[in-house]
Amino acid sequence: MAAEPILRTEALTRRFGGLTAVNDVRIDLRMGEIHAVIGPNGAGKSTLTNLLSGDLPPTSGRILFRDRDIAGRAPHRISRLGVGRSYQKTNIFKPFTVLENCRLAAQSRAPHALRILSRAERFRDLARNAEAALELAGLAQRADEIAANLSHGEQRQLEIAMCLATAPTLLLLDEPLAGMGATESARMVELIRALGRDHAVMLIEHDMDAVFAVAQRLTVMVNGEVLESGMPEAVRASPAVQSAYLGHGE
Amino acid sequence: MNRRRSDIALAAALLALALFPLAGSTFYLQLVTKIMAMAIFAMSLDLLVGYTGLVSLGHAAFFGIAGYTLALLSPQYEAANLWTTLPAAMAACAMFALVTGALVLRTSGIYFIMVTLAFAQMAYFVFHDTALGGGSDGIYIYVKPEMKLAGRTLLDLGDLGQFYDLVLILMTAVYLFLRRLLGSPFGRALAGIRANEQRMRSLGFPTFRYKLAAYVIAGALAGISGYLAALQFGFVNPEILSWHNSGIVLMMVILGGMGTLHGAIIGAFALVLLQEVLANQAWFGEAAKHWQLAMGVLIVLVALFLPRGLAGLGARPRKGSADGR
Amino acid sequence: MDFYFFLIQVLNGVQYGLLLFLVASGLTLIFGIMGIINLAHGSFYMLGAYLAWSLAQYTGSLTAAIALGVVLTIALGIALEQVLFRHLYARDHLYQVLLTYGLILVFDELRSMIWGDDVHGVAVPALLAFSIPLTENLSYPFYRLAMSAVCLVIAGALWLLIRHTRLGMMIRAGASNREMVQALGINIRLVYTVVFALGVALAGFAGMLAAPVSSVFPSMGGQVLIISFVVVVIGGIGSVWGALAAALLIGMADTFGKVLVPEVSAAIVYLVMAAVLLWRPEGLFKR
């Protein structure tokens, strides 16, 4: 595991009028490490993800990606730095095929993205990147299916595949297991574990079995603040966490 | 297979159009020339509406700016040069599109519709109320531009048959260009923006720039049609920039079937021919005076019962495809 | 400019603005609650004016004509919603644009067939046909003040309706969440019919009210349509108060524009809209 965090935040805060959704949060993400963020609904986890991906600007605080402050930058600029984000509510291109979803994602990185007179299929490297991403996510055999016709679990896989097609360094996964059955979940957990080896991963999840199966570090958020952060077993054993969250039979 | 069949249909249609001057009378020749210019107008709007998902109600601004550019650049009693005035007209449109687009594209939805309308209305008033445009009387183009190469006239644009050929060639060229554009990576990105712009941004696409590029291209292409119309009628006046004109071309696109380029061409033919048919007193007698009523009813029926416009009549039920169409 | 001249412009601006508000409020309610873009909204204004003119000739009284006319426009609104518009709720906005554009053609031609294409004047009701003197040379027509007063009363009635009645509550609920309202057993179809009829009646009534002041002419529908869309957009779609604020803003800008900078007065409305939208892309009072 790398020593320096690839992304860290300082006093990250986001307010919506009178409501403080994220308050003075300090988190760091390292290459080769899966850092899980858990907490009850409304704890601010999705808001945190939105702040890191640029979908929301922070009210105050800093977000340092490779030591450069990216707070408030536009989502497309943050994405190009090597940050990939999957959404809690499936956010794919429903009318396109599975392959086209990933090909388009891969295209975002192509220097020749603005060529206007050559057929898109000619750029074989994009298709190859897309196919590789689909292979990794386990969707290779569904490449020609229209995305809208996939099962819910397959759509969640496509969510991840699209991120992977952009060759990110850092992955922000927002509840990738949401709504999945047992077999699909197991497969997704394996995928996340594999990804953790050569990416920095921030994983938001409610599925505790999955979290404790893959996470190398754990942060618990409650009411927008970090309650506890550290090695998973230590956090689990912490009395504060037990009473606030885990101890209530969650 | 579907591609091959539609290519054949397209080639057949182009052949029919190319041969039409042999059979048609002067009146119909002029009519079809006008329709083909409108088809270019409609295709350029389809790029915005059908592919990028940007509904503009101010597209007539480009039509008018191009026409006025030709009128203003034409010397009073001599012929202007097509090779300089046509690019100039397109460039004027592209500039207008670049400047207004940079502002207009910050809005979306109905707001976008209204701001495009606003800028078109402002252009209308510039030509209507200031010295630039010659006021509500408009400007006449007394001598048609000439199309020369190395001193020899390529096409005599004052001759109806040859002008018809030029318009047909340009319409075909615009169609092929747009088809190529839409199959390219740029075109796919536009389709992605229409399907889910937020996701495109989070994948790393600077969607604003793509939309602006589409807007400028659409504006420049619309300029071609405005130029040709001004050339054909030898006259421009502020009404060509009116919202009625913007509305009519939008109707053509929707009627023909959005998001299919050939739909725009079909829509242009359908709307103009429909008007000609319904207003034909020889066929409908007194009732022909009220053609607007019949036209309106037909449009209402198409809107209710033909969800994919006229182009959807011949096609299979849509499922979705590799390129999002 | 001197005080009384200024006062007259202000009164004119307010009167024009309030009239625009009547038309725009219908448009914003229909779009905000039902999601329908109705290009034919201007046609209802025109039809109202022509109805007022012909019924006034028939009955001899503008007031009676207006009363009758309102009933007829409500009936028209209900009929249109039941027969045509209810098929459009699920459809793409563009098909609504196409259908309502067709309706403009239909209404224009029907008007031409029923009432012809001439311009007509309509007499102000005798009771209101006097002027209030301001200075020795200037006076202000009482009818215009009456118009403004009527518009204000209607604005007040709309406020009461939306804030304090069950229907108003359903309207507000329907605006935010159609599916939930239906799940709660509220008859959303009835709400839609009522809202649509209300919108049509407001536009028609505005036309009737304006007839003595602006005359009755064929293109009056198109003119008011564009301006009322501008008002709706500036005010924020679905916001009746936004429509009021924006209508007054536009009424003043247009009136003073015509007086101060007549060469560009026609463009002022659009400049204002472009400026507002660039500052607030969703209108002033977007819900």
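Q: Strand E8 (residues 170-174) of chain A and strand E9 (residues 200-204) of chain A: how many bridges join them, and do they run parallel or antiparallel?
A: Five bridges join E8(A) to E9(A), and the two strands run parallel. Strands here are DSSP runs of E with at least two residues, helices are runs of H or I with at least four, and both are numbered from the N terminus. Two strands pair if DSSP finds at least two bridges between them. Please note that this is a predicted model, in which local features need pLDDT of at least 70, side-chain atom pairs count only at pLDDT 80 or more, and totals for chains, interfaces and linings use all residues. Residues are numbered from 1 along each chain as its sequence is written, while chains are lettered from A and ligands numbered from 1 in the order in which they are written.

Q: Which residue is the bridge partner of A:Leu170 in E9(A)?
A: The partner is A:Ala200.

Q: What is the strand order of the open sheet in chain A?
A: The order of its six strands is E7-E8-E9-E4-E10-E11, with mixed pairing. Strand E7 (83-86) and strand E11 (225-230) of chain A are the edge strands, each pairing on one side only. On average, neighbouring strands are turned by 15 degrees against each other, direction ignored.

Q: Which strands does helix H1 of chain A lie across?
A: Helix H1 (residues 45-53) of chain A lies across strand E4 (34-38), E7, E8, E9 and strand E10 (217-222) of chain A, at about 150 degrees to E8(A). Axes are lines fitted to C-alpha atoms, for helices over the stretch in contact, and angles run from 0 to 180 degrees between N-to-C directions. H6(A) also packs on the sheet, where it touches E4, E8 and E9 of chain A, and its direction makes about 145 degrees with that of E9(A).

Q: What does the domain assignment of chain A give?
A: It gives domain 1 (1-82 + 171-250) and domain 2 (92-167); such bounds come from an automatic or database assignment. The centres of the two domains of chain A, taken over C-alpha atoms, are separated by 26 Å. Ten residues from domain 1 of chain A and nine residues from domain 2 of chain A form the contact, where two residues are in contact if their C-beta atoms, placed from the backbone, lie within 7 Å.

Q: Turning to the chains, which pair has the most contacts?
A: Among the two pairs of chains that touch, chains B and C have the most contacts. There, 31 residues of chain B are in contact with 33 residues of chain C. On the chain B side, H5(B) gives the most, with ten residues.

Q: How far apart are the nearest C-alpha atoms of chain A and chain C?
A: They are 16 Å apart, and the two chains do not touch.

Q: How many residues of chain A are in contact with chain B?
A: 33 residues of chain A are in contact with 23 residues of chain B. Helix H2 (75-80) and helix H3 (98-107) of chain A are the elements giving two or more residues to the chain A side.

Q: At what angle do the axes of H3 and H4 of chain B cross?
A: The axes of helix H3 (residues 60-73) of chain B and helix H4 (residues 82-104) of chain B cross at roughly 140 degrees and come within 9 Å.
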